[in-house]
Amino acid sequence: MSVEASCPACGAPIAFKMGSSIVVVCEFCHSVVARGDRKLEDLGKVAALVETNSPLDVGLRGIYQGVPFELTGRAQLGHQAGGMWDEWYAAFQDGRWGWLAEAQGRFYLTFEQSLPGQTLIPPFEAIQPGMPVAALQTSVPLTVAETGMARQLGAQGEIPYRLIPGQEYEYADLSGPDGIFATLDYSDGGPTVFVGREVTLADVGLAGAVAPEREARRIAATQLNCTQCGGPLELRAPDQSLRVTCPNCGALLDVSQGRLRFMQALEPGKFVPIIPIGSVGDLEGVKQMVIGAMVRSVEFEGIRYYWEEYLLYNAQIGFRWLVRSDENWSYVQPVAPGDVFHKTGAFGGKGDTVQFQGERYKLYQDTILQVEYVIGEFYWKVECGEQTRGADYIHPPRMLSMEASMMRVGVEEVPDPTQKGKKSKRQRSAPTGEINWSLGTYMTHRDVEKAFGITGLPRTSKIAPNQPFLHKKVYKYWGLLLAAMFVLGLFINATGSRTKVFNQTFQLQPVANAEATQVIFTDQFALKSGRNIKISMFSGVDNTWLYVEGDLINDATGEVQTFSMPVEYYHGVDDGESWSEGSQSPSIHLSAMPEGRYLLRLEAQWERWQQPASLIVKIEQGVPRLLHMFLAMLFISIIPLCVAFYQFSFEKRRWADSDYSPFGS
């Protein structure tokens with residue numbers, strides 16, 4: 001039921017259209033008016049709203065999970081580190097209120113959650129970025145992504161809570177997998193818990209929402225002049241930027257609501273971006289503009305290493321980064337902290353890993369990052385010398401990177417890299433305020449050139465941490481070929497068309513002495529060309545031997561193929577264990593011979609020469625051999641084995657600059 005009244009501050013008409021709203025902002029004097037049991041209360045005046053080029057507006061109607069809603073109010077809140085965000089208040093037809101937060105082009109819809117009386121939520125002083133919070137009624141524990149202080153700035157419309165102009169309160173934002181999002185609001189000592197998820201405008205039925213006309217604000221913003229040199233400044237994201245550098249004198253300026261304030265003097269021309277500010281590239285299928293660039297560094301063993309980061313902006317998707325390091329490139333986009341599973345804390349130890357989208361990422365670097373130089377504009381209050389704690393985890397071609405603001409919490413002893421066995425002292429830091437995760441995907445210089453329509457980017461021979469090894473498909477095809485070769489070999493061996501061409505038993509008579517031999521000539525038999533020859537023999541020798549020298553003779557040409565074959569078999573028992581060696585039925589394979597008729601000349605000698613012996617000789621053609629299969633498998637493995645050796649060298653070069661190399665120091 002709508003309730004109409006007069007503003008207690010200016011007397012203008014105001015209306016509470018929603019029965020459950022708590023305050024309404026007077027459109028005329030910007031007073032926040034709260035309704036009580038008997039009378040209206042003036043809670044003070046709020047500042048005029050700062051235009052943020054939002055596509056939303058009070059009065060828009062949408063639908064979420066089948067329930068219609070209307071945006072009835074809006075509040076702007078200031079961040080302790082600078083900047084602001086919008087909160088829109090959605091009145092649902094089922095009586096619920098939804099909080100739709102908008103920051104940097106992303107939207108989060110949450111609802112107040114009532115917790116059981118025994119539920120313990122940590123006090124704000126105990127909350128730290130990176131820690132899990134399991135007390136909320138969600139399927140998995142959420143991770144603290146940010147803690148901070150918010151300040152009520154401006155507001156409009158009807159709002160479902162008692163908004164006090166200028167009030168400051170503490171909060172913690174939590175993140176979970178698959179876009180789950182929550183906020184702990186400590187404004188009433190609480191906390192009050194809000195749980196929901198990250199959404200798109202399409203998810204809430206506002207895909208066609210169009211921002212009200214705000215061209216005047218944008219034009220005014222682009223006509224600013226530098227406070228140091230008076231030169232003109234062009235802001236490419238005037239509703240988002242908090243820092244801008246003057247292209248004329250190099251001054252770093254704070255920009256807030258179109259006003260400039262000098263921050264730092266930077267040496268102009270010290271850094272010239274290889275992709276100029278204002279360049280537009282086609283990435284993720286949308287046009288993105290380079291609005292800022294910075295040089296950052298890390299220090300290892302007294303040596304400082306530098307790289308470049310280019311800030312990209314598109315009003316629909318927000319901010320992205322393009323990183324250039326050692327002439328290698330990566331395209332970087334934000335990741336919700338709750339989508340990264342980390343078992344051992346925010347930074348972990350040597351050899352640590354994290355899980356993201358079912359893939360394991362290995363720790364590559366964990367160190368302090370420092371801003372060296374900036375140019376262009378940025379959405380946070382960046383300063384030269386600013387330091388953050390950073391850790392990189394790799395799963396080529398992707399790299400997960402985490403950054404956390406820091407505070408000093410004491411002194412610790414660490415190994416001195418300059419003196420073996422000794423330690424030095426350094427400030428010990430811990431993450432505080434905010435943890436951000438991002439996903440970098442490797443790009444070739446050709447990809448970057450194509451995206452921005454440029455040429456001539458420098459090449460490099462250095463392996464990037466997330467550079468993919470391009471020849472891994474060889475192993476897949478190798479495995480398939482090996483499997484096919486193995487199956488084919490077994491099939492041929494089982495079904496091969498072997499032909500028996502000779503089979504005869506010979507009775508050997510006793511000879512005169514141990515040196516004597518017995519010579520046998522066989523009947524003729526036919527051999528076909530192009531087919532291998534297998535000669536098998538059998539004799540019932542038992543702890544003795546029989547030795548045969550043989551000649552395979554072509555009856556027409558006299559061509560001779562000589563072979564020899566021992567038939568021996570020994571067995572016994574030693575120390576209670578039986579043993580045996582040799583074979584009563586050995587065989588030998590010969591290469592194919594010309595087609596024709598052949599005979600065998602056999603010369604036999606045996607250990608027990610005084611006794612007769614029996615010998616069976618069999619000849620087959622076209623006998624499959626497993627040896628051929630294994631030789632073929634070895635042959636097709638030559639190239640993959642060379643690739644594996646090259647990959648080993650590639651991976652060793654990749655990890656050369658890491659303290660967490662699997663190859664050791």
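This report covers a nonpolar surface patch and the aromatic contacts of a predicted model.

**Surface patch**

Five side chains make up a nonpolar patch on the surface: Phe486, Val487, Leu490, Leu626 and Phe630. Two elements, α3 (473-495) and α4 (626-636), each give two or more residues to the patch. Helix α3 gives the most, with three residues. Phe630 belongs to helix α4. Its relative accessible area is 45%, so Phe630 is partly exposed; exposed would need over 50%.

**Aromatic pairs**

The structure holds 23 aromatic pairs. One of them joins Phe124 and Tyr186. Their ring centres lie 5.5 Å apart and their planes meet at 70°, so this pair is edge-to-face. The pair links distant parts of the chain, 62 residues apart. Phe124 sits in the loop between β10 (106-113) and β11 (132-133). Tyr186 sits in the loop between β14 (180-185) and β15 (192-199). Phe124 is buried because its relative accessibility is 16%, under the 20% limit. Tyr186 is also buried, with a relative accessible area of 8%.

Arg96 lies over the face of Phe92. The charged end of Arg96 also sits over the ring of Phe111. The distances to the ring centres are tabulated here.

| Charged residue | Ring | Distance to ring centre |
|---|---|---|
| Arg96 | Phe92 | 5.1 Å |
| Arg96 | Phe111 | 4.4 Å |

Methods
Residues numbered from 1 in each chain as written. Predicted model: local features only at pLDDT ≥ 70, side-chain atom pairs only at ≥ 80, totals over all residues. Heavy atoms only, no water. Patch = residues over 30% accessible without salt bridge, like charges linked within 9 Å, V, L, I, M, F, W, Y side chains within 5 Å. Areas by Shrake-Rupley, 256 points an atom, 1.4 Å probe, with all protein chains shown as cover. Salt bridge = Lys/Arg side-chain N within 4 Å of Asp/Glu carboxyl O. Helix = DSSP H or I, 4+ residues; strand = E, 2+ residues; numbered from the N terminus. Buried < 20%, exposed > 50% of the residue type's maximum accessible area, 1.4 Å probe, protein only. Phe/Tyr/Trp six-rings, centres within 6.5 Å; stacked < 30°, edge-to-face > 60°. Lys NZ or Arg CZ within 6 Å of the ring centre and 35° of its normal.
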